[in-house]
Amino acid sequence: VPQKPVLLTGASGALGRVLTRALGEQGWALRLTDRAPFPDPLPAGARFQLADLEDGPAILRLAEGCGTILHFGGISVEHPFETVIGPNIRGLYHVYDAARREGARMIFASSNHAIGFHPRSAVLDDDCSLAPDGFYGLSKAYGELMGGLYRDKHGVESVFLRIGSCFPEPTDARMLATWLSYADLTRLIARATLAPSLGPAGSVVIWAASNNSRMTWWRRDGRAVIGWTPQDSADSYAAALEGKTSGDPVVERYQGGGFAGIDYSRAA
Ligand code: NAI
Ligand code: 15L
């Protein structure tokens, strides 16, 4: 169990609810927040407070005394620039600044869409170039850069989770590569929070996918530093899902899949 309380943003969202339940059962002291009400019973040891990520003073108050911030709040799929910028850029800044004030470690829910315009034929290490596949992915790339700034200038530690597709089950052929099970996510958050050190760099990138044999796109990352090994696999869904592709050559070419195809107007 972490020594200090843990702040979870986006608590009322899909992954926030999964983490609240799982970490609550493990006895974590959770401070939950979201702009939407929390829909489930609160675990013992958890407190929930409504707040908008755009309200800087509220985020600072919520983070007081916390040793770790799990930043899962914000716009979570592709949207117009003006929709993304408030929660994912200004809100992100408020959360990073709260981490600086508290000396807290940040665990940032980044996304494969920060690198989604790399082709599926590429093999990426953690130091690959950022290649956002839309305004959402761009906000995640900015989040990783913001974390780099706060690390280099203020010593704030960050775990950047480039999450693939975290759902109860894989539902299409792409997810045979990108799927992350809820149990592997929960173990990942525990290791990222409890690891005594993030090594000399002070930050690590994690390719957050389960142990899927079709995940040939992502290779070196910081999992050994935090001691995380995924235990689940999408492989048992292969027979059911391998034919379930989009049929769109742009979508199938890029790691980001459907997000890369949204508003795509480049000559093929
Ligand atoms: P979700 O959309 O279910 O949850 C996001 C939560 O953030 C919502 O409850 C929403 O009310 C809250 N939120 C949005 N704007 C806010 C604001 N201005 N102030 C306060 N709260 C605000 O998304 P999900 O699937 O739970 O994802 C959680 C995080 O993980 C997101 O940051 C997402 O980008 C990231 N992620 C998720 C993946 C997945 O497969 N589920 C894959 C890659 C990244
Ligand atoms: C994401 O970043 C989204 O939050 C999630 O809803 C999925 O679309 C996922 O990526 C994915 O690429 O499957």
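Residues count from 1 along each chain as its sequence is written, while chains are lettered from A and ligands numbered from 1 in the order written. Because the model is predicted, local features need pLDDT of at least 70 and side-chain atom pairs count only at pLDDT 80 or more, but totals for chains, interfaces and linings use all residues.

**The whole chain**

The chain has 10 helices and 9 strands. These are DSSP runs numbered from the N terminus: helices are H or I with at least four residues, strands are E with at least two. The radius of gyration is 18 Å, close to the 18 Å of the globule rule for 268 residues, so the chain is as compact as a globular protein of that length. That radius is taken over C-alpha atoms, and the rule is 2.2 Å times the number of residues to the power 0.38. Along its principal axes, the C-alpha trace spans about 50 × 40 × 35 Å.

Of the 268 residues, 47% count as buried. Buried means that 20 or more other C-beta atoms lie within 10 Å of the residue's own, with C-beta atoms placed from the backbone.

Strand S1 covers residues 6–9. In a regular strand the side chains alternate between the two faces of the sheet. In S1, Val6 and Leu8 lie on one side, Leu7 and Thr9 on the other, and all are buried.

S1, helix H1 (residues 14–25) and S2 form a right-handed β-α-β unit. Right-handed means that, with the strands pointing away from the viewer, the path from the first strand over the helix to the second runs clockwise.

**Two ligand sites**

A residue is near a ligand if its C-beta atom, placed from the backbone, lies within 6 Å. Ligand 1 is surrounded by 25 residues, the closest being Gly13, Arg35, Ser76, Ala109 and Ile163. H1 gives the largest share of this shell, 3 residues.

Which residues surround ligand 2? They are Ser76, Val77, Ser111, Asn112, His113, Ser165 and Thr178.

Note on methods:
A residue is buried if 20 or more other C-beta atoms lie within 10 Å of its own, exposed if 12 or fewer, and partly exposed in between; C-beta atoms are placed from the backbone.
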